[in-house]
Structures are given as structure tokens and as C-alpha cells.
Amino acid sequence: MTLDFLGTLQRTQMCGELRAEDAGRDVVLMGWVNRRRDHGSLIFLDLRDRSGITQVVVGEQTAEAHAKAEAARPEYVVAVKGRVRQRAAGLNNPNMVTGEIEVVAEELLLLNESKTPPFSPSEDAIANEEVRLKYRYLDLRRAGMQENLALRSRVAMAIRNYLVGEGFLEIETPFMTRSTPEGARDYLVPSRVHAGQFYALPQSPQIFKQILMISGFDRYFQVARCFRDEDLRADRQPEFTQIDLEMSFPQQDTIFRVAEGFLTAAFAAGGVALKTPFLRMTYDDAIKNYGIDKPDMRLPAMVSLSDVLTPELRTTLRIEQELPVLGFVIPGVGELSGTARKALLSEVRAGFGDCGLDLLDVARLKTNVEFAPLAEAIEAKLSGSDPTHDVDTIMNGAPGLITKSNVSTPKSDADLIIVVTPKIGTPTMWNFDPQWIWKRVGALRLQLGVKYAEKHGRFAKTGTETDFKFCWVTDFPMYEWDEEAKVWNAAHHPFTSPHEDDIAAGRLTNDKGAVRALAYDIVLNGTELGSGSIRIHRQDVQAEIFRSLGMTDAEAKDRFGFFLDALEYGTPPHGGIALGLDRIVMILAGATSLREVIAFPKTAKAIDLMVDAPTPVSEQQLRELHLRVR
């Protein structure tokens, strides 16, 4: 087959742009053959580019073009010169935006041929993800992937435009810096000219953005590439992108307003209007209402039922005195049969194991004259009839602490009621973690909520603001205890400022478990989108934090000496936040994996199947880097 050169021919339209009003226009289209249908005297080519598909008709009257159309196959690259015409009556295709027109070819160029691909880019779904990643250049031709990456581009641009409009400067920070491992492992880069020494790829621009505040750039942002050598996890990427910003002289409210502003702009780029301000709650309230620090607000909260259970009832029902009894509702489950209810109880009890928790069968209680009033009281409490449930204030996003229930759901026979009780005399984790019961019941709430919500389509993406439940979680613990190493670690990072009251009260040395951090997370539908904090701007406080983490002054000087020095030169109060761009786009696109919104992702094993990386390198390269593989 003889291929054609493009010559001086120029594209005049994208394939997806033509409409009925373009009939009669002469156009030049270029793209890939999506599908070919040979009707003898007429050959139809569906021509595809990233904007869409146009049907091209090639007749025998243009003999040369017709011969080339006979030779064309799917994924051949072609150029078509021709005239737009309306399709004949009854032949419109309502499934295509260009379905009212077609282009009658006058000239056809075969610009390149294609092997038969392992899958067709016209397929909506391809089961084998490894094949997709190996042939990513073909996978990216699919309409769904092109839509996802176009969405990503629009979202990033909307965020940039918003932040620039708010007076932020976009400043790049280094990719090669020193290793200061905190949390995940660093990716190390050996130096050729400094034998035995290494750069590290940044896990975040944290220290550099703080130095920019010291340098007088009071509003910085960056669409930052970050790298973390984490243990393998199903939906994490070793390299990822975050929206990173820092401000001088802020209050938390200032940072919240800016983050809500750029998220509003980002979601508007995806066709979703958000309502602000977002709901706020403290870490302690998140645990007590949801059992987790990243609550999924699409499901009703947990409710304490301790006040409806007298000591006598606890004894009769074998419920541990004093310990909390928690309940929650999963709406819209539908009425469960007796068999299904017993199976559910067995399944949940098996999941508890020997951890000292059990289920109270409320449906069975209702059938017992003695316990029917208790069952009714439990249902009333869970239905939101308790007047302390200030739902209107909560759900309109007004700042402030949440109340006991947070979400009021009128109970109906379609609701699934779950009540978890601590059993008498069974050892529990309570002695080790006072929040353990709330966390365990919160995990059950999510497990059952997702199971039944997905079954009944309650989490189906509809593209409206009701799909997206945001909240801020504030006042995290400053430290977390590592039971294995017997040390206190920074819960966020060691540059986070403690509450001033906790510093003044001496808790940094006397009661680390009670120290609150000026740290905050923004959560969407149970997914943490990003974290931030007010930073430490005083050298004496920063040095004390390092010491409280078991770091000697010499170790702190060795690892962070340049930063401690910088803090002594008039550092303003400052704070910031970083949100994952990949996660924002994934949620907006309705995707279930980060790999669906990243052009060239790694697998869960951190492998790039397309380029076959990582790979061994030559002995010569290793010698130049002063390295040896053992």
C-alpha cells in the first residue's frame, strides 16, 4: 500500500464540530478511522478525533478516493476533503451530535496504516486493565479517557484562574532536594558528581512553600508533582499531583474560604454547582458521630442510645454498664425477610469476632411486649425526632459544631436499623483506645451503608450537588502514639502548629495525647481530598516540637538546620493546604480509580507497563553514579 504525504493540506474543522447548519460547507477533516462499512458503490468511514465522530461517504464517482477507502481499516490515519450535507430523511443518528450530517468525500489521503489493535478504541469498557495500560496510547484514544483528561485540564485551569484572581503567584519549587523522610519513603536520586550523595524527589513542597512565606511571597500556589515511595496499595500512585498553596497572616477561615472558592470553580468546570460554606466539625465530633476522621455525609450519622437504656435494661440484655451503645440507620434498604435479617445479624456478628461487641435485634424487640417500648424509643431516637437534632443549621453548611445526630432521616419500614452494644464481661479494646467503640461501629456503618446504597443505586452519580457532601474536620490530635516503637509521632507533620492554649498549658511535655493541632482536612464523600494546617512560625516552638518527637537538637540541626535558620529571620504567621488534583477529577468524572484520570499511571505494583519501568540499568551507568547492586 502506498501512503500519502500531508503536503500543504490543513484541517479546517474538528470531527465533532459539524452540525446541520454547516450543510454546503467545504471542509477538511483529519483523524482515525473508527469504523468502516463497505456497501460496494458506497463506503462509509466513521472518522474520529478527540472532539467526536463524523460519518464520511466515499462514492465510486471519486474513483481514487474510493479505492483508498477500500484499503482503509480501523485506526488508519486519514485526511478527508469534501462537502457537508444533511443526511437523507430517516437516516439521522440521534446517538451522535453530528448525526444529522455527513461529509461527501472528494479527496481521501491515507496518512498512516495501523496494525490490528489488541482492543478497539471504540469500545466503552475493556475488562483487562493490564492490556489497557500496556497499550495506553490506544486506551487514551477512547472517548471516555479523552473526556476524563479534558475534564482534568478544565479543572486545573479553573483552579489556576481562581487563585490568580485571588492574588496568588504560581511559583515552582525544586524536584531534586534533600532527603527529610517523614511518613512515606523518599525516592532517591544518586549524584554523579558528588560520590555517595543523593537528592530526593519531594513528597510535598512543604518546606519550600514555608520558605516562600519567609521570603515575602505572601500568597503562593503550585500544581505540584509529588513523589512517595509507599508500600503497595490498590489505588495510590507513586507520583501524583496536588493543588498546593500557602498564605501569610491567615486565619483558618481565610484558608477555608480560598479552598472552597477554588473547589467551587473546579466543580463548575465539571458542570456541578457547589454550596458554600462547607460543614465543619472537630476531629472528636467526627469520631463520635461517624467513627472516622473522614466522614461520608451521604449516610446518616451514628447516634448515642445510652440514655434510652436504663441500668436494669442493660443487665437484662447483657449490655456492659457505662460503655456507649450506638445506633445508625441505613435508609432505603427495603423490608428484610426474617431469613435475610438473621443472615445479616450472623454476618455482622462474625465480623465483630471476639471484640466484645454485639447487635441488638430491634425488629425482634418490637415483637416482645416487655421490650416494645424500648424498640420504639430507639426508633424515635434514630429517626431524628429528638429535638436536639438541629438539622437545618447543620445541613445548610453553617459553621459550628455538629449535634448528636447530624443527619435527620425520617424512619420508615424501608430503613435498616443497626444497634451495637458492648457485651458484659468480654475484653475489649476499650482499655487501649477510648475511641475504639466509635471507630469500630463507624467502620460497620460504612460497610453496610456502601453495601446497601450501591445495591439500591443510592450512590449513583447524577451530576448534582447532592452527590457531593463536603466537610472540614478540624482540631486533629497533634501527636499519635506508636505502640510498637513506644514513641509519639507527629499526626500530620512536624511543622504544624499546636493550639496556643496547649502550648501555654505545658501539654507538649506533660500530656502529648491532649495536644490539639491547628490542622484540618477537607473531606468529600468519605474521601480525604487534602490536608493543611497553620504552621509553626517561631524558631523556639519549632525546636521544642522536634524535641517532643524525640529528636535531639543535633539531629534537628542536621536534618532541618537550613529551615531552623530561616525561621530566625522574621518569619510571618502562615498556613496552607494541599488537595489532590487526581482525586478531585476522579470523583468529578465518576471514576473508581485514579488511573482513569491520569494519562500515564503506574499499576498498583508501581510498574509502568507501557514503557516497562522500572528496569535494570547498565554497569557503566552504575559506575558513573558510584553505585553497585547487591
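Which residues touch the most other members of the largest nonpolar core? Select I418, L444 and L448: of the 45 residues in that core, these three do. (A nonpolar core is a set of buried Ala, Val, Leu, Ile, Met, Phe, Trp, Tyr and Cys residues joined through side-chain atoms within 4.5 Å; buried means under 20% relative accessible area with a 1.4 Å probe, protein chains only.)

Before you click on: this is a predicted model, where local features need pLDDT of at least 70, side-chain atom pairs count only at pLDDT 80 or more, and totals for chains, interfaces and linings use all residues. Residues are numbered from 1 along each chain as its sequence is written, and side-chain values use heavy atoms, leaving out hydrogens and water.

Now zoom in on L444. Leaving out residues up to four places away in sequence, L444 touches F328, V348, F352, L359, I418 and V420 (contact: heavy atoms within 4.5 Å). A separate second core, with 43 residues, includes F267, F470, L579 and I598.

Next, pick L579 in strand β21, and you'll find G530 opposite. Strands β20 (527-534) and β21 (574-580) run antiparallel, joined by five bridges. (Strands are DSSP E runs of at least two residues, helices H or I runs of at least four, numbered from the N terminus.)

Last stop: S548, in helix α16 (539-548). S548 is buried, at 12% relative accessible area. Its side chain makes a 2.6 Å polar contact with that of Y479, and also reaches the backbone oxygen of I545 at 2.7 Å. (A polar contact is a pair of N or O atoms within 3.5 Å; within protein, one must be able to donate a hydrogen and the other to accept it, and residues adjacent in sequence count only if both atoms are side-chain atoms.)

Notes:
Buried means under 20% relative accessible area, exposed over 50%, partly exposed in between (1.4 Å probe, protein chains only). Two strands pair if DSSP finds at least two bridges between them.
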